[in-house]
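Here are my notebook entries from an afternoon with this model.

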Amino acid sequence: MANLLIKNCLMADGQSSDILIKNGIIKDISKNISATDTPKIDANHHFVTPPFVDSHFHMDATLSYGLPRVNESGTLLEGIALWGELKPKLTVDAIKDRARRFCKWAIARGTLAIRSHVDVSGDNLLGVEALIDIREEMKEFIDIQLVAFPQDGLLRANCLENLVSALDMGVDVVGGIPHFERTMADGAESIKILCEIAEKRGLLVDLHCDETDDPISRHVETLAYETLRLGLNGRVAGSHLTSMHSFDNYYFTKLISLLVEADLHIIANPLINITIQGRQDAYPKRRGLTRIPEQINAGLKVAFGHDCVMDPWYPLGSHDMLEVAHMALHCCHLTGVEQMRSCYESVTTKAAEILHLEKYGIYPGAKGDLVILQCKDPIEALRLKPARLFVIRKGKIISSTPPVEYKLFMGETIEKEDLLFKNSS
Ligand SMILES: [Zn+2]
């Protein structure tokens, strides 16, 4: 819990302001604050943003790329099979080492909250044990929310008992994977069981749902129905929802009002699903992302997750949430000004709302968690994926990087360029 005065912050509305953090909480936002007894930094008229929030990740698998081999086909199913080969070889220490390293990458990129699924299928709960330790170890620096995720299928792999044990151990959210159960009926049954567990325990729900190109994979409908039946409105998220891309349009127009009625939250994973979906298509190949523009227009809360960094499903990534939003913007034709701003919110404020994070944002009384980016606004942040000049947690600087400056040796003198756009009207 530290004190910090940040001078010359460029706020989201384009105005300049100072921000004073006292005992880890934002105390004042106004011009010309002076606090002689407080450590001070200068944002130098760069954009100050609430930290990035990753609403969907797998921290038990991260940074395991190449163990024991790489995913040659690039498919979801080979990824799941590969994870099955790696799992018996995992140790608590190895999972913790990788997760710890990964958290440092995330923090350096300005992400200070992550919802991570953790696999609860199999003979043991090593992943749960490891990530509960990491959640505690890292809590001073980053908020980690864990989801009990039956990767091999709740009913198919008979892992209901493990899922309940994981929740008893302190895992925060109920997960599932209905489209991977053996039949549509089992998928629907798993949703009913999982939502009832969440309702009894007062927990949030976040299911991997309909992550397939199959246009008749409609588990999202059951998820919304169970949400309404149990009064879980606003507490349930559907992750991926890629089959929605291929739904019949008439069916979709009926479905969307059910999703609105249930206040179902949407979590898309653009980096992963643009690479995984459409693999069995001839040309033209479907993009396969869920219907993000229509969901935003309907007023649903839509967040974007990174999902994977260097694991059995995805060979790339450095945990940059701006890369995630950038991909969604391109794949979903979201190039209007308000649409681009909305993409930025999907990795900040909307994600924070879906995770039910408290005191998130930039206002007096909010937690003093801020990131200073080397740019002027959210749209330029998406364009440049700029340097995170300072990452601040409860008033303490926990990461910094110098401004990027390119030197050009093209004439008599050395020119400097920072790629920032200056309108010369
Ligand atoms: Zn996932």
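Predicted model: local features only at pLDDT ≥ 70, side-chain atom pairs only at ≥ 80, totals over all residues.

**Entry 1: domains.** I began with the domain assignment of the protein chain, which gives domain 1 as 4–50 + 361–407 and domain 2 as 52–354; such bounds come from an automatic or database assignment. Residues are numbered from 1 along each chain as its sequence is written.

I looked up the C-alpha centres of domain 1 and domain 2 and found them 30 Å apart. Across the boundary, 15 residues of domain 1 are in contact with 18 residues of domain 2 (contact: C-beta atoms, placed from the backbone, within 7 Å).

Which elements supply at least two residues each of the side of domain 1 that touches domain 2? I noted α13 (378–384), β14 (388–393) and β15 (396–400). Helices (H or I, at least four residues) and strands (E, at least two) are DSSP runs, numbered from the N terminus. The largest share, 4 residues, comes from α13. By class I listed 8 nonpolar, 3 polar and 4 charged residues on this side of domain 1; Ala, Val, Leu, Ile, Met, Phe, Trp, Tyr, Cys and Pro count as nonpolar, Asp, Glu, Lys and Arg as charged, and the others, Gly among them, as polar.

**Entry 2: the open sheet.** β14 and β15 turned up again here, in an open sheet of 7 strands with mixed pairing and the order β3-β2-β1-β4-β13-β14-β15. Two strands pair if DSSP finds at least two bridges between them. The edges are β3 (25–30) and β15, each pairing on one side only. Direction ignored, neighbouring strands are turned by 35° against each other on average, with axes taken as lines fitted to C-alpha atoms. I also checked the β14 and β15 pair: it is antiparallel over 4 bridges, and F390 stands opposite S400 in β15.

**Entry 3: β5, β6 and β7.** Next I followed β5 (residues 52–58), which pairs with β6 in the parallel sense over 5 bridges; H58 stands opposite H117 in β6. On to β7: 7 bridges join β6 to β7, again running parallel. I wrote down two bridge partners in β7, L146 for S116 and F149 for D119.

Why is β6 called largely enclosed by the rest of the structure? Because 9 of the 9 residues of β6 are buried (buried: 20 or more other C-beta atoms, placed from the backbone, within 10 Å of a residue's own). For β7, 7 of the 7 residues are buried, so β7 is largely enclosed as well. Both of its faces are covered, with D143, Q145, V147 and F149 on one side and I144, L146 and A148 on the other.

Entry 4: I looked at α3 (residues 126–137), whose 12 residues reach 16 Å from first C-alpha to last, close to the 16 Å expected at 1.5 Å a residue (1.5 Å times one less than the number of residues). Its buried residues are L126, G127, V128, A130, L131, I134 and R135. They pack against α2 (92–108), β6 (111–119), β7 (143–149) and α4 (160–169).

Last, I picked I191 in helix α5 (residues 184–201). Is I191 buried or exposed? I191 is buried, because 27 other C-beta atoms lie within 10 Å. Leaving out residues up to four places away in sequence, I191 touches G176, P178, L207, H219, T222, L223 and E226.

Terms used:
Contact = placed C-beta atoms within 7 Å. Buried ≥ 20, exposed ≤ 12 C-beta atoms within 10 Å, placed from the backbone. Axes fitted to C-alpha atoms, helices over the stretch in contact; angles between N-to-C directions.
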